[in-house]
Structures are given as structure tokens and as C-alpha cells.
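Let's take a walk through this one together. Have the viewer open and follow along as we go.

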Amino acid sequence: MSFWDRVKPYVMVSPSITVFLLFFIYPIMYLFFLSFTSWNLISLTKTFVGIENYVELLKSPQFHLVIKNTVLYTFLMVSISIGLALPTALWLNKRGFLHKFTQGVIFTPHIISLVSISLVWMWIMDPDYGLLNWVMGFVGIPPSKWLANPKTALISLVVVGVWKTLGYNTLVLIAGLQSIPKDIYEAAELDNASKWRNFYKITLPMLSPSLFFLLVISTIASFKVFDTINIMTQGGPIDTTNMIVFFIYQNAFDFFKIGYASAAGVLLVIFLGLMTFIHFKLLANRVHYR
Amino acid sequence: MEARERVQQSLRIRKKEGRIENSKNLEILKKGAKGLEISGLIILILIFGFPFLWMISTSLKSFSEIMIFPPKWIPDKLMFENYIRAWNSGPFLRYFFNSVLISISILILQFATMIPTAYAFARYEFKLKKLLFAITLLALMIPEQITFLPVYLQMSSWNLLRTYAPLILPFAASGFGVFLLRQTFMQVPDEIIEAARLDNASEWKIMWKIMMPMARPVLITFALFSFISQWNSYFWPLVMTNTQSLRTLPIGVAMLKDAEALTRWDTVMAGNMILIAPMLVIYFFAQKQIIKAFVYSGIK
């Protein structure tokens, strides 16, 4: 092997690897470092404070609330968006124009900026002239200030999140349904198995990889929620929609508590790392066994 | 093969018998079910499609028509002025230009970096391959919601905050793209490459004449995925820009809401239309490709 042959692969991967090291790997290490310091962006020196930021975080009632909100939001997002996607997928998984058209329509929000989605839903949820209060009037629900009411603000964000992701989740499940071999159903039909039994014994187990995939990526995505919060509620009212990424953003850029924000960032790294590890295991399995 | 045919035949017979038995009742039931299903589909289409129509309708209303309850569906006079007002309320031409420039530059850089990287990972053996590939996977997993703070500080210390660099450079390579393309390159059968080598084809020729045509669908998929994600991106440009001249369309549109104390939803929705119209046009023409890009690239 000539010198060039040995060097060539490294030359080919180096542009990508440089970017990955500079903007992904190094920043994580820098974040760890910052989490042990106290710094307000303006002063020239960062003071080393040990684990003080972490202690302060874990003692802070606001941070407890932020974690509680994030976990609640994630739980609601995951259970509702997958819980609705499963029956929708079973229903829409048919030939024919109308079914295909519906698939196309419910997927549309997935390719639209969350900025647009947040704005249009703010308008729909407007307390005075909003469409939602008008629709709710028919069902007999009195008008509400959806986003300004501490009781409904978080669930309103969940509604917007579900509206955005349902189409994607449904289409992932439809892809999963279509990969189930048809002969299994034919054999089951020969045994006179009921539809319900078919669903339990064939569809659900065969669909479980897709469901698990959705479970993991929805958990990660919900934990990272920021856009809707920043545009629609700013974390309010009274912190009821303040969640981890918004909390980090606010502490860093509004309160200039870089060390404190970094410590919260490190906790986020640890949680997402755990979830991603599961995701990666899943990904690796799929790649090997197919 | 034969067993399968027999199974299908017996199924067909059984279905026929069933049909004769209660064909009349079934017909009525089926019609009812069909009607119910179609109304269900229409409700679903309304829930997901109507907010877009509502956006268009609002964007063409006069300010007084917005403050009517119950809401008015179609404005009396189409107020196209709203679009002009939205466009003139900030440097929208600049926002639009920035959005296009950033999305396209990122796409070009990603292609330039990922093709050789994926090729090397798929086709060569080298000492640090495992480690470097692990770094690629890590980059694919680490979200921007974690890196934004340290990258912002890095960019600030390099005095790059008032340039396009923080908006483009961190995305100049894509872990996801490398991963996707490597898979594709690995699937090209060795026999084809061996045959080309026997014909004295150079490595360069093999890459461009054999590998690239085979990777075309994946490259299109990735291009759509990358462009749409960048165009819609809000969080990263929000963090990385504090001068108007660098801001992108999503930031500009989001700022429309805060411009006045009383939100002018007619203007905001007009701005909103400017932001989503290009996506809706692309989606209209390449719906199948886009769904494939987002759905299948996630699972496969």
C-alpha cells in the first residue's frame, strides 16, 4: 500500500470529522466545564465553583417545577400522539384516493415551521375572537383563555404538539403495517380468527418495532420542546409551561447565569444520552437483522 | 406456491358462501359503514387542513373583520395590502434572502462533505475507522438544544457572532447524511465494482459512474430533508443572531406578533403565508418524495 492509499480515507473523512469535533463533541465537553463555573458573560474571568450550580439547581423549587412540566408534557405528548396514531394508521391503511389524500393532509403540519404552527394556533386559541372558543361553544364548553390560563396552558401546548406530529406518527405506523407479510393474515383467516384476535396476535406484535421507535423519538423530541413555548407562552403563566430547554435558554440569555444554565444543560445531556442509547441500540438491531 | 394457491382458493369459496347467505343485510350495513367512514375522513381532513385555510382567510381580512365573533369565514374584500404591510414591517427581503442563502449553502456544504466521508466509511479499511464512525454517530445523536450555549460562546470568542458562520458552519457536515449514504454505498454489490476494476476504471470513475447514480434516490431524499429542516429552523438562528441583517424568515415572522400591543392577526397571518408558501408548493409537487424522506429515512 502506497502512502497515498493509507492517507486517502483520512483525507476523505476529515472535513466532516472536523465539523463534528468542533461543533458537537467539543461543545459538550465545554458545557461540562462551564457547569462547574460561575460566569455572567460580561466579566472576563470564570470562577470555579465546584458542584455549586448543581446543588443550587436541585434545591430550586423553580427547577423542580420545570422538570415536572417537562415530564408531564412528554408523557402527555407521547401517550396521546401515539395513542391516536395507532387507530388512525389502522384506519387509513387502505387503497383509494380519499384515504391517500387524508394521509397527505394530516402529514402536512410536519413540514411546516413551528413558528407558523404556533402563530396560527395562538390565533385559533385567542380568548376573544378565536375559532376554538367558537367551536367549543357548540359542545357547551364555556370560553377559555387557553394559553393564559395556568390550568389549560400546558395542555394547549400538547394540543399543538399532537396536531403537528400525529401525521408523521401515523405514516410511520402505516409503513410498519405494510411491511407485515400478507400470508400471516391469510393463514389466520383460514383459522377463522376474529379481527380482534388478529390485531392482538399479529398486528400489534409485528408493529411493536415501529411503536417502540416512535416511543423513543417522541420522548426525545418532546423533551427538547422550545419553539412553541417561546412563541406562545414564554414559559408562563406563572411558569406552568416553563420546560427544560426554555429554562436553559432563559438563564443563559436573559439572566446571564452561564454556569447555572450549563449545569441544567448537563442534566439534559444525561437524560437524552440515556434515551439516545436506547434509540441507537434499536437502530443497530435493525441494521443488522435486515 | 401450491399451498398458497390452495389457501387463497378456499378463502375465495368461503367468502362467496358468506356473500350469498346475507348479501342484502350486508349491503345496507356496508353502505352505512362507508358513509360513516367518509364523514370520519372529512372530519380528519378538516382538523388538519382547516387551520391552513383559516390562515389564508385571516391574511386577507380587514382589521375590523378580525374582531368579529362568531368568526367570519370569507372576507368581504380581499385585502392583499396585508401582505405588503407584513413585507414592509421589517427587512423581509433580507430575511428571505438569508433563509435561502443559509439553507442552500448548508445543503451544498453537506453534499460536499458527506459524499467522500460516506464513501470512505463504506469502502475503505483504516485504523481509526471505528473511532471516527463513532464520532459521526455521536454528532448524529447530539441535538442543537444541547450545543447551542457552548457553540454560541465559542462563536463569540472567535468574534464570529455578527457573521453567517454560526448559522452555517455547525451544519456544514451531517452525521445523519453520512450515516444514510454510507448504508447506500455499502449496498452496492462488490461484483459490480470488481467488474469495473477489471475494465481498468479508476476509483474516481467508479465513484461517479457507479456509486453516485445508485445513490441518487438517497441524495434527493436527504436534500429535501435538509432543505425543509433548515428553512423551518427557528431555535438556532434565534440564538445565534442579534442583528437584524442576519435574521431568517422564521425569526422575522415570529417578531411580527410582538410588533404592536394589540396583535394584528391579519398582518401576522400574511407574514405566515410568506413563510409557508414555498414549503406548501414543494409539498404539492413532491409529496411522495417528501413523505419518504421524513418517514422512511427515520425507520430504515
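A residue is called buried here if 20 or more other C-beta atoms lie within 10 Å of its own, exposed if 12 or fewer, and partly exposed in between, with the C-beta atoms placed from the backbone. With that in hand, take B:Pro91: it has 15 C-beta neighbours inside 10 Å, so it counts as partly exposed. B:Pro91 sits in the loop between H4 and helix H5 (92–123) of chain B, where helices (H or I, at least four residues) and strands (E, at least two) are DSSP runs numbered from the N terminus. Its C-alpha atom is separated by 18 Å from that of B:Arg264, 173 residues away along the chain.

Some housekeeping before going further. This is a predicted model, in which local features need pLDDT of at least 70 and side-chain atom pairs count only at pLDDT 80 or more, while totals for chains, interfaces and linings use all residues. Residues are numbered from 1 along each chain as its sequence is written, and chains are lettered from A and ligands numbered from 1 in the order in which they are written.

Now for chain A as a whole. Its secondary structure comes to 12 helices and 2 strands, and reading from the N terminus the order is α-β-β-α-α-α-α-α-α-α-α-α-α-α. The radius of gyration of chain A (taken over C-alpha atoms) is 24 Å, well over the 19 Å that the globule rule gives for 290 residues, so the chain is more spread out than a compact globule; that rule is 2.2 Å times the number of residues to the power 0.38. Along the principal axes, the C-alpha atoms of chain A fill a box of roughly 75 × 75 × 30 Å. Buried residues make up 42% of the 290 residues in the chain.

For contacts, the test is that the C-beta atoms of two residues, placed from the backbone, lie within 7 Å. Of the contacts in chain A with a separation of 6 or more, 71% are between residues 24 or more positions apart.

Where might you look for a well-covered stretch?

Two loop residues in chain A deserve a click. A:Asp239 lies in the loop between helix H10 (227–233) and helix H11 (244–253), and its phi is near 65°, a positive value in a residue other than glycine. A:Phe256, in the loop between H11 and helix H12 (258–289) of chain A, also has a positive phi, near 55°. A:Asp239 has 17 C-beta neighbours inside 10 Å and counts as partly exposed; A:Phe256, with 14, is partly exposed as well.

Residues 12–33 of chain A are 100% helix and 0% strand, with end C-alpha atoms 32 Å apart. Residues 258–280 of chain A are likewise 100% helix and 0% strand, and there the ends are 31 Å apart.

Over in chain B, the unreviewed entry gives the label "transmembrane region" to residues 38–57, 95–119, 131–152, 164–181, 214–231 and 268–286. Residues 38–57 of chain B are 100% helix and 0% strand, with the end C-alpha atoms 26 Å apart. Residues 164–181 of chain B, by contrast, are 61% helix and 0% strand, with ends 27 Å apart.

Stay in chain B for some helix packing. Helix H13 (residues 249–256) and helix H14 (residues 265–285) of chain B pack at about 170°, their axes 9 Å apart; axes are lines fitted to C-alpha atoms, for helices over the stretch in contact, and angles run from 0 to 180 degrees between N-to-C directions. That makes H13(B) roughly antiparallel to H14(B), given that angles under 35 degrees count as roughly parallel, over 145 as roughly antiparallel, 65 to 115 as roughly perpendicular and the rest as oblique. Residues making this contact include B:Val253 of H13(B) and B:Gly271 of H14(B).

Helix H4 (residues 81–88) of chain B also packs with H14(B), at about 80° and with axes 8 Å apart, so H4(B) and H14(B) are roughly perpendicular to each other. Here B:Asn82, B:Tyr83, B:Arg85 and B:Ala86 of H4(B) meet residues of H14(B) including B:Asp266 and B:Gly271.

Finally, the two chains together: 75 residues of chain B are in contact with 67 residues of chain A. Helix H2 (residues 23–59) of chain B gives the most to chain B's side, with 10 residues. That side divides into 58 nonpolar, 15 polar and 2 charged residues, where Ala, Val, Leu, Ile, Met, Phe, Trp, Tyr, Cys and Pro count as nonpolar, Asp, Glu, Lys and Arg as charged, and the others, Gly among them, as polar.

Definitions and conventions:
UniProt positions are given in the numbering used here, feature names are shortened, and annotations may be inferred rather than shown by experiment.
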